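Here are a few exercises to work through with the model open beside you. Try each task before you read its solution.

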Amino acid sequence: MKKYELLANQLRLQIEQGIWLPGEKLPSLRRQAEQSGYSLMTVLHAYQMLESQGILAARERSGYSVSASVKSPQNQSHSIQPTEAVSVNDFVFEVLQASRNVHTLSLGFAYPDPSLSPRYQLNKAVASAAKQSSLMTALDNLPPGNEELRHLIAKRYAARGMNISPDEIVITAGALEALSLSLQAATEPGDWVVIEAPAFYGAMQTLERLGLKAISVAVDPEHGLDMSSLERAFQSYDVKACWLMSNFQNPIGYSLSNEKKQQVAQLLEKYNVVLIEDDVYSELYEGDTAPLAVKQFDNSNNVMLCSSFSKSLVAGFRIGWVAAGNRALEVQKRQLMSTLATSAPIQLSLVEYLSTKNYERHLKELRKTLASRKRKMHEFLQQQLSDIAKIYNHSGGYFLWLEFDASVDTTLLYREALDKNITLAPGKLFALQDEFNHCLRVNASFELTDANKQLLQQLCQHLREHIARRSAD
């Protein structure tokens with residue numbers, strides 16, 4: 001960062017912390033230079049930068065003061081939160097381990113109901129691929145991955161109007177590896193990276209592992225990503241990359257409009273920031289029209305588009321990819337230094353399966369089933385909890401997002417629900433701080449059988465008792 005940017009960040013944080021209040025005058029340029037040790041020109045540039053962001057107001061012969069439109073800290077919605085040390089792994093591990101129990105109702109599960117996978121057809125594809133494998137198979141499927149599979153993925157993008165060359169695509173061991181390798185190709189340890197709030201926990205885990213610093217930008221359940229805050233983050237910090245979901249965001253389920261996707265692409269170009277676009281849910285749309293990705297509005301090669309077959313076909317195959325553009329070679333190099341390559345037999349099995357029309361038939365049926373189950377789960381929870389929770393149900397995907405009163409502790413609720421053989425995904429799982437501790441993500445992909453309804457009714461009753469206890473306290 002340049003010196004004036006460092007000073008501007010320092011002053012902005014002071015304002016957010018309430019050290020300087022709305023309407024209050026800041027030290028004069030000369031006084032600030034004496035206090036900070038910076039030159040007069042550096043201080044002037046810092047003040048002007050904050051003025052351009054609407055944080056400071058310049059008054060003739062009176063210097064600079066905090067803008068009256070800046071919210072006081074107690075009223076802020078935490079639309080931007082910088083975090084230099086990311087640490088989330090322990091709690092994520094605990095929740096994921098609990099979800100492995102096959103005897104639970106897995107409302108906290110991240111994947112769709114495994115019974116929705118076309119097991120018979122996939123098993124046939126695996127058997128057929130095994131017969132065709134040779135001693136050279138492993139070499140043929142080294143990074144960037146199976147050539148035929150990359151061509152099939154490129155053709156699927158072409159059908160959506162996206163011109164992505166097979167040479168840009170790198171096959172990975174699931175989407176998380178694609179996202180992680182992309183982030184490594186775009187950053188160095190210590191760099192600032194924008195993530196959403198709430199965010200997919202995998203993003204926070206990856207930042208922690210790579211030694212990156214996070215800037216959380218708010219995602220509202222009704223309006224989606226806060227675009228003004230995103231630009232303010234780009235202005236205020238030396239951001240190298242951002243990790244966003246534009247379609248069916250996990251955990252909220254919100255999708256950005258095409259207008260906002262275009263705005264994101266324009267901001268990336270303006271501030272030279274790389275977008276790691278997590279697009280793993282885009283096949284799970286409702287209706288007849290597939291959603292667009294930010295990548296489709298990108299004119300400066302700043303978007304690395306990541307996806308997988310884990311959510312739309314089968315989780316266990318662990319096959320993902322990144323359309324990395326001119327960073328494809330860098331991603332390949334990093335993959336060779338880490339996992340070496342993605343499973344060759346599984347890549348061949350997917351080539352076998354995708355070469356038929358079975359995948360399209362499967363997707364069509366899957367979308368209908370998920371939409372129906374999510375609608376029924378939403379209606380059920382509305383009947384049970386509408387007076388004590390806001391329940392957000394967005395088109396597409398399979399997640400519902402629940403918001404309770406701020407006094408409700410969903411982490412405690414998650415632990416108590418385990419005793420009833422129900423797993424939940426508490427809000428703490430999706431944040432660097434505690435701002436979503438009163439929220440829940442619910443996986444609505446499982447069939448609402450009579451047995452599951454009974455379990456859910458018990459959970460809802462438990463919720464009411466929990467809230468009553470908190471109110472009494």
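**Exercise 1.** Decide whether Phe-399 is buried or exposed, then find its aromatic partner.

*Solution.* Step one: Phe-399 has a relative accessible area of 4%, so it is buried (buried means under 20% relative accessible area, exposed over 50%, partly exposed in between, with a 1.4 Å probe and protein chains only). A word on the source: this is a predicted model, in which local features need pLDDT of at least 70 and side-chain atom pairs count only at pLDDT 80 or more, while totals for chains, interfaces and linings use all residues. Residues are numbered from 1 along each chain as its sequence is written, and side-chain values use heavy atoms, leaving out hydrogens and water.

Step two: among the 15 aromatic pairs of the structure, Phe-399 joins Tyr-281 in an edge-to-face pair, 5.8 Å centre to centre with 70° between the planes. Rings of Phe, Tyr and Trp (its six-membered ring) pair if their centres lie within 6.5 Å; planes under 30 degrees apart count as stacked, over 60 as edge-to-face and the rest as tilted.

Step three: the partners are 118 residues apart, with Tyr-281 in the loop between strands E10 (274–278) and E11 (303–308), and Phe-399 in strand E14. Strands (E, at least two residues) and helices (H or I, at least four) are DSSP runs, numbered from the N terminus. Tyr-281 is buried as well, at 3%.

**Exercise 2.** Work out the strand order of the open sheet and why one side of E13 is left without a neighbour.

*Solution.* Step one: the 4 strands follow the order E13-E14-E17-E16, with antiparallel pairing.

Definitions and conventions
Pairing = 2+ DSSP bridges.
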